[in-house]
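Hi everyone, thanks for coming. Let me put the structure up on the screen, and then we can walk through it together.

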Amino acid sequence: MTTLRVRDVINGLSRKGFVVSNRDHKYLIFQVNGKKTRIFTKVSHGHNEIDDYLINRMSIQVNLEKNQFVDLVNCPLSHDNYIRELRNKGISLE
């Protein structure tokens with residue numbers, strides 16, 4: 001079972017073009033060239049770790065397989081490769 005620290009997820013996604021918006025949860029909204037896209041995920045305030053179930057849900061929200069999402073957070077999947085993956089899936093970034 002995989003777990004990720006919330007801090008690592010926020011930092012990892014921030015390095016890949018996601019911008020944090022604090023509301024009832026911390027929303028991570030993907031931006032390309034300074035423009036928001038429809039791709040986002042969120043983490044709850046107060047939690048320190050994200051369990052396997054939530055990792056899977058977050059990966060669906062950002063249009064990746066679970067292992068790809070973990071790679072996006074931990075850096076093997078770069079910003080450019082993430083955009084390429086989204087475009088290969090036919091996902092519009094406009």
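Let's begin with E85, which is partly exposed because its relative accessibility is 24%. On that scale, buried means under 20% relative accessible area, exposed means over 50%, and partly exposed is in between, using a 1.4 Å probe and protein chains only. E85 forms a salt bridge with K89, and the closest N and O atoms are 3.9 Å apart. K89 is partly exposed as well, with a relative accessible area of 37%. By salt bridge I mean a side-chain nitrogen of Lys or Arg within 4 Å of a carboxyl oxygen of Asp or Glu.

Before going on, a word on where this comes from: it is a predicted model, in which local features need pLDDT of at least 70 and side-chain atom pairs count only at pLDDT 80 or more, while totals for chains, interfaces and linings use all residues. Residues are numbered from 1 along each chain as its sequence is written, and side-chain values use heavy atoms, with hydrogens and water left out.

As a reminder, side chains of opposite charge can pair when their charged atoms come close. Another of these bridges joins the side chains of D8 and R5, at 3.1 Å from N to O. D8 counts as partly exposed at 29% relative accessibility, and R5 counts as partly exposed at 39%.

Then there is the salt bridge between the side chains of K66 and D52, at 2.2 Å from N to O. This pair links distant parts of the chain, with K66 in helix α3 and D52 in helix α2, 14 residues apart. For the naming, helices (H or I, at least four residues) and strands (E, at least two) are DSSP runs, numbered from the N terminus. K66 is partly exposed at 26% relative accessibility, and D52 is partly exposed at 22%.

How do the axes of α2 and α3 cross? They come within 8 Å and cross at roughly 90 degrees. That makes α2 roughly perpendicular to α3, a label used for angles of 65 to 115 degrees, whereas under 35 counts as roughly parallel, over 145 as roughly antiparallel and the rest as oblique. The axes are lines fitted to C-alpha atoms, for helices over the stretch in contact, and angles run from 0 to 180 degrees between N-to-C directions. Where the helices meet, D52, I55, N56, M58 and S59 in α2 touch K66, F69 and V70 in α3; contact here means heavy atoms within 4.5 Å.

Now look along α2, residues 52–61, where I55, M58 and S59 are buried. They are on the same side of α2 because they cover an arc of only 100 degrees around the axis, the arc being that of the directions from the helix axis to the C-beta atoms. What do the buried residues of α2 pack against? Their partners are β1 (4–5), α1 (6–15), β4 (35–43), β5 (49–50) and α3 (66–74).

Next, the sheet. Three strands make an open sheet in the order β2-β3-β4, with antiparallel pairing. The edge strands are β2 (18–22) and β4, each pairing on one side only, and the twist averages 30 degrees from one strand to the next. Strands count as paired if DSSP finds at least two bridges between them. Strand β3, residues 26–32, pairs with β4 in the antiparallel sense over six bridges. If you want to find your place on the screen, Y27 stands opposite K42 in β4, and I29 stands opposite F40 in β4.

Most residues other than glycine have a negative phi. N33, in the loop between β3 and β4, has a positive phi of about 55 degrees although it is not a glycine. N33 is exposed, with a relative accessible area of 76%.

Which other residues have a positive phi? Just after α2, N63 takes a positive phi of about 65 degrees. C75, in the loop between α3 and α4 (79–88), has a phi near 95 degrees, again positive in a residue other than glycine. C75 counts as partly exposed at 37% relative accessibility.
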